[in-house]
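Please read the points below with the coordinates open beside you. They begin with the sheet and move on to the helices and the cores.

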Amino acid sequence: MGKSQSKTIHIGNAGEHYVASQLSKYCIVRDVGQGKDTGIDLYCEIVHEDSLELTLHFFCQVKTQKKKISVASIDDMYWSYWGEQPVPVFLFLIKYENQNQIQESSEIWVYDIPYILSKKDAKTSGQRAPRRDVEEKFQICDRSNNKDKMTWRDFIYHHIPWSYGLWHMRRFGLVLPNPEIGIRQNQILVGGFSYLYGQKIREAMKYADTLMSRENTNDQI
């Protein structure tokens with residue numbers, strides 16, 4: 001009997017290739033090898049629209065199934081792992097009806113892990129949940145309503161830079177962490193979330209002041 005492929009892996013591969021093919025219009029997409037189920041499937045690097053320079057990075061986890069994902073059912077170890085990554089992670093759902101037409105008739109949904117993690121942080125700390133115009137999950141499609149529908153271009157060139165700022169504010173207390181955002185994109189400041197990460201922001205400012213003081217002292221020696 002010849003070697004066979006499991007149906008689940010076959011469908012999952014089709015979904016990953018579908019997402020990768022769409023992202024490749026705007027990004028360099030690198031596949032995380034099979035057999036390494038770490039919670040990340042694709043590693044992407046955005047290509048600037050005009051200069052074609054490589055800019056911001058992000059990670060993707062891709063799920064291909066007939067039902068929407070219940071955020072509450074995702075194991076805590078994944079949230080912990082995703083939240084410790086150096087760049088934003090997005091969970092893509094390829095919601096299909098016919099496994100033979102995954103690339104022709106499926107819906108693509110993005111579960112916005114940076115925003116979901118911030119809402120979890122608020123709940124853990126007993127603070128109000130942050131709000132914004134874009135929901136925690138949204139569909140990628142040909143039109144955008146800034147709530148639950150978004151075009152690929154808006155997602156790549158507008159949403160991800162904003163998420164990048166939120167991601168680094170949450171992890172490091174840095175409000176505008178990457179000069180690429182200011183130089184190659186419109187400056188994007190993450191408003192309405194700093195109250196969650198005030199302590200980290202203050203610690204980052206204190207650390208920066210300490211570095212500057214040390215440098216100034218060394219210069220005077």
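1. Two strands are taken to pair if DSSP finds at least two bridges between them, and helices (H or I, at least four residues) and strands (E, at least two) are DSSP runs, numbered from the N terminus. In strand 6, F138 is the bridge partner of V110. Strand 5 (residues 107-111) and strand 6 (residues 137-140) run antiparallel and are joined by 4 bridges.

2. On provenance, this is a predicted model, in which local features need pLDDT of at least 70 and side-chain atom pairs count only at pLDDT 80 or more, whereas totals for chains, interfaces and linings use all residues. Residues are numbered from 1 along each chain as its sequence is written, and side-chain values use heavy atoms, with hydrogens and water left out.

3. The protein has 7 helices and 7 strands, which follow one another along the sequence in the pattern α-β-β-β-α-β-α-β-α-β-β-α-α-α. The open sheet contains 7 strands in the order 1-2-3-4-5-6-7, with mixed pairing; its edge strands, each pairing on one side only, are strand 1 (27-31) and strand 7.

4. Helix 5 packs on the sheet, where it touches strand 1, strand 2 (42-47), strand 3 (54-65), strand 4, strand 5, strand 6 and strand 7, and its direction makes about 145° with that of strand 4. Helix 4 (residues 113-125) lies across strand 4 (89-95) and strand 5, at about 115° to strand 4. Contact here means heavy atoms within 4.5 Å; axes are lines fitted to C-alpha atoms, for helices over the stretch in contact, with angles from 0 to 180 degrees between N-to-C directions.

5. A nonpolar core is a set of buried Ala, Val, Leu, Ile, Met, Phe, Trp, Tyr and Cys residues joined through side-chain atoms within 4.5 Å, buried meaning under 20% relative accessible area (1.4 Å probe, protein chains only). The largest such core has 48 residues, of which L23, F58, F92, F155 and I156 touch the most other members. Helix 5 (residues 152-172) gives the most to this core, with 7 residues. A second, separate core of 10 residues includes Y115, A122, M169 and V190.

6. Setting aside neighbours within four places in sequence, F155 is in contact with F90, F92, V110, F138, I140, M150 and I160.

7. Beyond its neighbours within four places in sequence, T151 is in contact with I140, C141, D142, R143 and S144.

Key: Buried < 20%, exposed > 50% of the residue type's maximum accessible area, 1.4 Å probe, protein only.
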